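Keep the sequence and the model open as you read.

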Amino acid sequence: MEGSVSYESHDEQLNFKATELRLGLPGSGIEESAASPPPSTKKRASPEQDSADNEECRSSTTDDETPDLTSRPSKTQVVGWPPIRSYRKNAMQAYVKVSVDGAPYLRKIDIKVYKSYPELLKALEEMFKLTIGSYSEREGYNGSEFAPTYQDKDGDWMLVGDVPWSMFSSSCKRLRIMKGSEARGLACL
Amino acid sequence: MGDDPSSSSQMSEDDDDRSPPLDPSSSNKARNCSSGSGCDYIIPYPDQVLENVLENVLCFLTARQDRNAASLVCKSWYRAEALTRSGLFIGNCYAVSPRRATARFTRVRAVSIKGKPRFADFNLMPPNWGAHFRPWVSAMAKAYPWLEKVYLKRMSVTDDDLALLAESFPGFKELLLVCCDGFGTSGLAVVASKCRQLKVLDLIESEVLDDDVDWICCFPESLTCLESLIFDCVECHINFEALERLVMRSPLLKKLRLNRHVSIGQLHRLMVRAPQLTHLGTGSFSTLEGNPQGDQELDYVSAFAACKSLVCLSGFREILPDQLPAIYPVCANLTNLNFSYANITAEQLIPVIRHCHKLQIFWVLDSVCDEGLKAVAATCKELRELRVFPVNAREDTEGPVSEVGLQAISEGCRKLQSILYFCQRMTNAAVIAMSKNCPDLVVFRLCIMGRHRPDHATGESMDEGFGAIVMNCKKLTRLAVSGLLTDQAFSYIGQFGKLVRTLSVAFAGDSDMGLKYLLEGCPKLQKLEIRDSPFGDSALRSGLHHYYNMRFLWMSSCLLTREGCQDVAQALPRLVVEVMKSDEEEETGEYVDILYLYRSLEGQRDDIPKFVDIL
């Protein structure tokens, strides 16, 4: 990830970060400032830029730059490629709100970008600078004070990880990362 | 859209306006017989006879290429053809002015107009480039009071334009808006309420603004003439009760495509009301918030079984895969199935597709994987058109579909005519196999999403694969290339692609020679769109002999200079050469961002935005 800061120990950094007074959205750090400049017109905001919420920060090459066509470009997102109409791209996206207990702002991520629970959880961990730990069917998320939950189509709050990924990604409407005693309570269920 | 073939009404109209009959005494074009015997017999002017005959005969000519040819024979034929053309097709709204078109063709009932270039769909051009419907609707309001049908593609249409349309044409019957924008539910409301003869309202992949207007309520309270109501692209909530009542009072309704705000329970109610449907877009195909348990218990299988005429199924926008078996009763009759918004696995697809023996058109997401495509190949022997879209439109090394799926399709679906295939990796072998197994291919569009990606197995370029396509598919008229391609690929296309009319190129080629091969080799080339390829001014000049035969040329992020484009503009006065910045704020660099050139009878248009320069 571009400009990411690697923490030696999540837990140590965690408490520090959690109590730090900052002006900024939860999860904002060094990597956010390396994001590409905002698009000049609304319609030109490519979905690739919208998904800067992803773990990977992508800079969009503008068409003004003379393309270096002799060498093969590295993997950066390019406007209008692959050629999918924005209508279809938007239809395939599933942005859900993500809240973390104790954080003042919510974030939004596109869960269709992820293919599995580990990918999603890793992205959440990086976005919010916390540890979620590993899932077990019996005990939920052990070893951390955070537990990821989601609200499904029927409005019920469920623990992330119980159902197959594809079922989860099509029914998840909202994510909430619970913290503290409430989260620990889930492990007892 | 071609000419409107509905000849019966037009024949009776034309009878009234026919030129005077061949009665010598009444004909004012008669002249004296000039034979030597000195008789006073007056014969009608021979061209008059010809015109009458022509008008009667030309009514049967519907293909616009035929009509264009007929109009070139002589002035008489030109006039007769102009009087009898009822369907007007404008392939580029800036190639001819509304005034000129309406002056020449005075008895038009159906109009098709296309606007923006296709690459605008992918955000390659700033918005507000043009293609406004306003000047057209204003001219037609005066010229064509009997207008019945309007088809627009990639045009900017405002609510006021729709209001003018609704008010100006009392017999208006069909409105089709494809990839259009600029209007909202207010515009739809006016059309619904004022076009009392409306048969068709089709909104396809258009952006519709939510003005909070309940347009469904605006249809007439009496029985309607509606045969087709397509609004799956409309992202606004609709008044479902009003929709249900509308369906109940539309006995002729055959095509209904719902948007994703219609739940599966609501779908059930509509299907029960309209078992005569032939085309159904199922909306979300899911329980939406607020309709949980009740929806799950309805008998969907019976609802589908009752629709005995259903041949075309789409929608499935938020699909609950568990509900998919409900469609089994109709699968055997389906000719057209669109799963391209349904994120389903191979396992979920297979039980459905193995019933679909008659399927001719199939759109699907790559979530079904190569395995799903194999199942399609095994069952769908009548398949003519396949489109495989990506769930994740990114450049990745691995993807769920590959050369394996393409090979399977080529082996199973021998009648394939059109394919659009998005993948992360491909091999020449699979493409060559398709070129041999599917000789009827007319459209071949392969999008290897990783730019410059070579043959996955051999590491070579994809030249040979695309070469085989143009060599073996003798009917090919549309081609889109991708992957690692050298100038050799273009040499093949120039050499063998003699029928190619539409070509799409991205991140391909080594030098000017690539483009030269195309422009010098493909005599039928009409629409050429190129992006991010190393073609420069010299290549551009090599097409001077051909640009008047083309509808347009688009080149973005290539190696064209302003001077090079200027040379072309100077050499060809009837060409409009537009040069654009892709980003309004950025400074212009050494190369032109976007070149878009097209033939036109009108010269420079008068509605250019700031970011466009016409040379």
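## Two buried loop residues

B:Ala131 is buried, its relative accessible area being 0%; buried here means under 20% relative accessible area, computed with a 1.4 Å probe on protein chains only. The residue sits in the loop between strand 4 (110-114) and helix 6 (134-143) of chain B, and its phi is positive, near 60 degrees, although it is not glycine. Helices (H or I, at least four residues) and strands (E, at least two) are DSSP runs, numbered from the N terminus.

B:Phe316, also not a glycine, has a positive phi of about 55 degrees. You will find B:Phe316 in the loop between strand 13 (312-314) and helix 13 (328-331) of chain B, buried with a relative accessible area of 0%.

## About the model

This is a predicted model, where local features need pLDDT of at least 70, side-chain atom pairs count only at pLDDT 80 or more, and totals for chains, interfaces and linings use all residues. Residues are numbered from 1 along each chain as its sequence is written, chains are lettered from A and ligands numbered from 1 in the order in which they are written, and side-chain values use heavy atoms, leaving out hydrogens and water.

## A cis proline

In chain A, the peptide bond between A:Trp81 and A:Pro82 is cis, with omega about -5 degrees. A:Pro82 belongs to the loop between helix 3 (47-50) and helix 4 (86-92) of chain A.

## Contacts of one phenylalanine

Beyond its neighbours within four places in sequence, B:Phe362 is in contact with residues including B:Leu337, B:Phe339, B:Val376 and B:Arg387; contact means heavy atoms within 4.5 Å.

Technical notes:
Buried < 20%, exposed > 50% of the residue type's maximum accessible area, 1.4 Å probe, protein only.
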